Amino acid sequence: MDLRGAILAADDIGKEIMEISEWQVDGAPARIELRGINGSQRAEMLDTCMVSHGEKGESKFSFRLAHPKIVRMGVYDPATGQPLFVESDEPHIALKAGGVIDRIAQKLFELSGMTSEEKKKVGKP
């Protein structure tokens with residue numbers, strides 16, 4: 001296989017199973033599959049989560065918008081391999097326990113290569 005073909009065929013999206021003890025399913029912690037977001041999803045998230053602040057209209061990254069969005073984009077049902085949430089679930093995800101959503105979102109940021117250092121480069125806290 002040539003270089004181009006090898007790169008395009010590479011399975012380069014990070015995956016991890018996470019148990020959420022706060023979300024019980026049949027008396028056991030919910031098991032979800034986390035997958036890093038792909039390039040298109042990442043661009044969508046960055047485009048939709050940058051908001052203007054202050055008199056100068058400076059753009060800042062909105063975690064209020066980003067956490068539910070990355071959870072929706074990166075959480076899968078490990079039994080089916082299908083996305084667990086749809087876009088209309090984002091407001092409902094935002095109302096779940098903040099610590100739980102933050103824990104999931106932070107792992108998804110990590111799996112997606114969105115480190116603290118990278119967030120600083122695009123003006124995120």
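1. Helices (H or I, at least four residues) and strands (E, at least two) are DSSP runs, numbered from the N terminus. The model is a predicted one: local features need pLDDT of at least 70, side-chain atom pairs count only at pLDDT 80 or more, and totals for chains, interfaces and linings use all residues. Residues are numbered from 1 along each chain as its sequence is written, and side-chain values use heavy atoms, with hydrogens and water left out.

2. Helix α1. Arginine 4 has its place in helix α1. Buried means under 20% relative accessible area, exposed over 50%, and partly exposed in between (1.4 Å probe, protein chains only). Arginine 4 counts as exposed because its relative accessibility is 60%. Its C-alpha atom is separated by 22 Å from that of glycine 113, which is 109 residues away along the chain.

3. Nonpolar patch. Isoleucine 7 also belongs to helix α1, which spans residues 3-9. With 53% relative accessibility, isoleucine 7 counts as exposed. Leu3, Ile7 and Leu8 make a nonpolar surface patch of about 360 Å². Patches are made of residues with over 30% relative accessible area and no salt bridge; like charges are joined within 9 Å, and nonpolar side chains (Val, Leu, Ile, Met, Phe, Trp, Tyr) within 5 Å. The accessible areas come from the Shrake-Rupley method with a 1.4 Å probe, and for residues only the protein chains shown count as cover.

4. The three-stranded sheet. An open sheet is formed by three strands in the order β1-β2-β5, with antiparallel pairing. The edges are taken by β1 (15-25) and β5 (75-76); each has a single partner strand, so one side of each is left without a neighbour in the sheet. Two strands pair if DSSP finds at least two bridges between them. Strands of a sheet pair through backbone hydrogen bonds, either parallel or antiparallel.

5. Pairing within that sheet. Eight bridges pair β1 with strand β2 (residues 28-35) in the antiparallel sense. Isoleucine 20 stands opposite alanine 30 in β2, and isoleucine 17 has glutamate 33 of β2 as its bridge partner. The two strands form a hairpin with two residues between them, and aspartate 26 in the turn has a positive phi of about 55°. On the β5 side, β2 and β5 run antiparallel and are joined by two bridges; leucine 34 is partnered by valine 75 in β5.

6. Strands β3 (residues 50-53) and β4 (residues 58-61) run antiparallel and are joined by four bridges. The bridge partner of methionine 50 is phenylalanine 61 in β4. Four residues lie between the strands of this hairpin, in which glycine 54 takes a positive phi near 75°.

7. Salt bridges. The structure holds nine salt bridges, a salt bridge being a side-chain nitrogen of Lys or Arg within 4 Å of a carboxyl oxygen of Asp or Glu. One of them joins aspartate 11 to lysine 15, with the closest N and O atoms 3.9 Å apart. Aspartate 11 counts as exposed at 63% relative accessibility, whereas lysine 15, at 46%, counts as partly exposed.

8. Lysine 107. This residue is found in helix α5, and at 17% relative accessibility it counts as buried. Leaving aside neighbours within four places in sequence, lysine 107 is in contact (heavy atoms within 4.5 Å) with Glu16, Met18 and Leu34. The side chains of lysine 107 and glutamate 16 meet in a salt bridge at 3.5 Å, N to O. This pair links distant parts of the chain, with lysine 107 in helix α5 and glutamate 16 in strand β1, 91 residues apart. Glutamate 16 counts as partly exposed, at 29% relative accessibility.

9. Across β1 and β2. Arginine 31 and glutamate 19 meet through their side chains in a salt bridge (3.6 Å, N to O). Arginine 31 is in strand β2 and glutamate 19 in strand β1, twelve residues apart; the pair links distant parts of the chain. Arginine 31 counts as partly exposed at 48% relative accessibility, and glutamate 19 counts as partly exposed at 49%. Elsewhere, salt bridges that share partners join Glu44, Lys69, Arg72 and Glu90 into one network.
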